[in-house]
Amino acid sequence: MKKIVFVVALAALFATPAKAQKTLQASTEKIQQNESTGTWFDAPAKQGKKAKNVIVIIGDGMGTAQVYASVVAQKGASNFLRFPFSGFSRTYSNNKYTTDSGAGGTAIVTGCKTDNRHIGVLSDNTPVQSILSKAKSWGLSAGFVVTSSVLDATPASTYAHAPDRKMYDTISLHMSQCGFDVMIGGGLANFRPENRKDGLRPLDTLMKKGYEITYSLEEMKRSKSDKLVTFFCENYYGPVAPGRDPVLTEGTKKALDILSKNPKGFVIMIEGSQIDWACHNNDAPYMEAELADFEKMLKIVLDFAEKDGNTLVVVTADHETGGLVLLGGNIDKGKNECKYTTDGHSGVMVPVFAYGPGAETFSGIQNNIDLMPKMLKAMGR
Ligand code: MG
Ligand code: ZN
């Protein structure tokens with residue numbers, strides 16, 4: 001008898017009351033409705049399959065708070081939710097607890113730690129090759145799309161070798177020699193001889209090498225060339241979102257069109273460059289606009305990778321910027337209550353998201369220099 005009473009009491013304890021059950025069901029439906037339908041369940045790790053293409057995406061300054069601000073701003077229907085694997089990356093540089101984009105970008109694309117401000121070189125200035133340069137040497141195609149100047153630290157770390165990120169004359173010469181198939185970004189001014197200490201004309205070098213150089217997104221879209229450079233703006237610090245020409249989305253589409261023609265595959269680096277600038281400014285609306293742009297680019301990339309089936313997509317950040325804290329908000333209204341705790345970078349771990357062959361290797365806490373070797377391994381290299 002005692003036992004029966006006990007069992008009944010236990011059952012009562014665990015039975016979900018009808019009202020609670022209804023609420024639970026409603027909120028589950030709401031989540032299903034709001035959130036991206038995604039590919040979480042139907043994208044198992046394709047173990048043993050090699051990645052023909054690698055798309056490495058860097059949200060400059062994009063920590064977990066920035067990513068969550070984007071998830072909320074999208075009212076839960078965020079493309080970040082489409083990644084089946086995620087982890088963290090430790091971002092410290094060779095000489096500083098808090099990295100800059102030079103050392104951070106170099107670590108992600110070359111797999112080597114270096115000192116802050118360095119680009120594609122070790123702390124003793126020994127040049128190191130990026131995964132994009134390696135891809136080119138193996139006969140794959142390579143390229144980048146950024147919303148900063150093409151000479152800014154993040155893109156520069158894919159093709160240049162310099163002890164200081166501000167050596168724009170040197171960096172632009174390296175860009176003109178790197179042989180990447182597509183290079184899209186801003187900062188045309190630094191290529192004009194009258195703005196250079198060396199008076200050289202790296203654009204002439206590019207044209208001699210067979211590149212078509214275009215000066216607007218319209219020209220870029222019309223181009224039939226498979227070797228393409230596009231400047232979407234003149235200035236080093238170009239237009240911001242919202243309102244900027246859609247360089248991140250249209251540039252990504254164009255670059256994928258060109259690069260995917262190579263039957264051997266390709267490696268591309270795509271950067272949401274100005275998430276960092278917005279967070280340096282502690283400007284939440286600017287940051288959210290840049291993240292919204294980043295989301296649209298993610299959709300294009302993930303749709304491509306899903307269709308292709310042989311593409312590894314890795315999204316990460318070089319570091320967090322702004323020490324962003326989300327103190328509240330409203331998911332239904334897409335509103336965040338943002339508070340920044342610095343106008344500089346912070347040293348926290350940043351998120352890593354992965355999709356496609358080899359994606360499962362990016363889970364857990366890893367070092368930023370582990371990312372590039374994992375991409376190579378996924379490619380079977
Ligand atoms: Mg950058
Ligand atoms: Zn920064």
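Just after helix H4 (101-110), Gly111 takes a positive phi of about 75° in this predicted model. Helices (H or I, at least four residues) and strands (E, at least two) are DSSP runs, numbered from the N terminus. At the start of H4, a side-chain oxygen of Asp100 comes to within 3.2 Å of the backbone nitrogen of Gly102. H4 is mostly covered, ten of its ten residues being buried (under 20% relative accessible area; exposed is over 50% and partly exposed in between, with a 1.4 Å probe and protein chains only). Among these buried residues are Ser101, Gly102, Ala103 and Thr110. The buried residues of H4 pack against E1, helix H5 (131-137), helix H6 (153-159), strand E8 (311-316), strand E12 (345-346) and helix H13 (371-378).

Ser93 is located in the loop between strand E2 (85-90) and H4. With a relative accessible area of 6%, Ser93 is buried. Apart from neighbours within four places in sequence, Ser93 is in contact with Thr99, Ala103, Lys113, Thr114 and Asn116 (contact: heavy atoms within 4.5 Å).

Residues are numbered from 1 along each chain as its sequence is written, chains are lettered from A and ligands numbered from 1 in the order in which they are written. Local features need pLDDT of at least 70, side-chain atom pairs count only at pLDDT 80 or more, totals for chains, interfaces and linings use all residues, and side-chain values use heavy atoms, with hydrogens and water left out.

The magnesium ion (ligand 1) is coordinated at 2.0 to 2.2 Å by Asp60 (OD), Thr154 (OG1) and Glu271 (OE). Donors are N, O and S atoms within 2.8 Å of the metal (3.2 Å for Na, K and Ca); water is not among the atoms, so sites may look incomplete. Along the chain, the donors of the magnesium ion (ligand 1) follow the spacing D-x93-T-x116-E. Asp60, in the loop between strand E1 (53-59) and helix H3 (64-73), and Glu271, in strand E7 (residues 266-272), are 211 residues apart, and the pair links distant parts of the chain. Both Asp60 and Glu271 are buried.

Asp276 lies in helix H11 (residues 274-280) and His345 in strand E12, so the pair ties together parts 69 residues apart in sequence. Asp276 is buried at 7% relative accessibility, whereas His345 is partly exposed at 21%.

Ten strands form an open sheet of mixed pairing, in the order E5-E6-E4-E3-E7-E1-E8-E13-E2-E14 (two strands pair if DSSP finds at least two bridges between them). Strand E5 (212-214) and strand E14 (364-367) are the edge strands, each pairing on one side only. E1 and E8 run parallel and are joined by six bridges, and Val54 stands opposite Leu312 in E8. H13 lies across E1, E2, E8, E13 and E14, at about 170° to E8 (axes are lines fitted to C-alpha atoms, for helices over the stretch in contact, and angles run from 0 to 180 degrees between N-to-C directions).

Terms used:
Polar contact = N/O pair within 3.5 Å; in protein donor to acceptor, adjacent residues only side chain to side chain.
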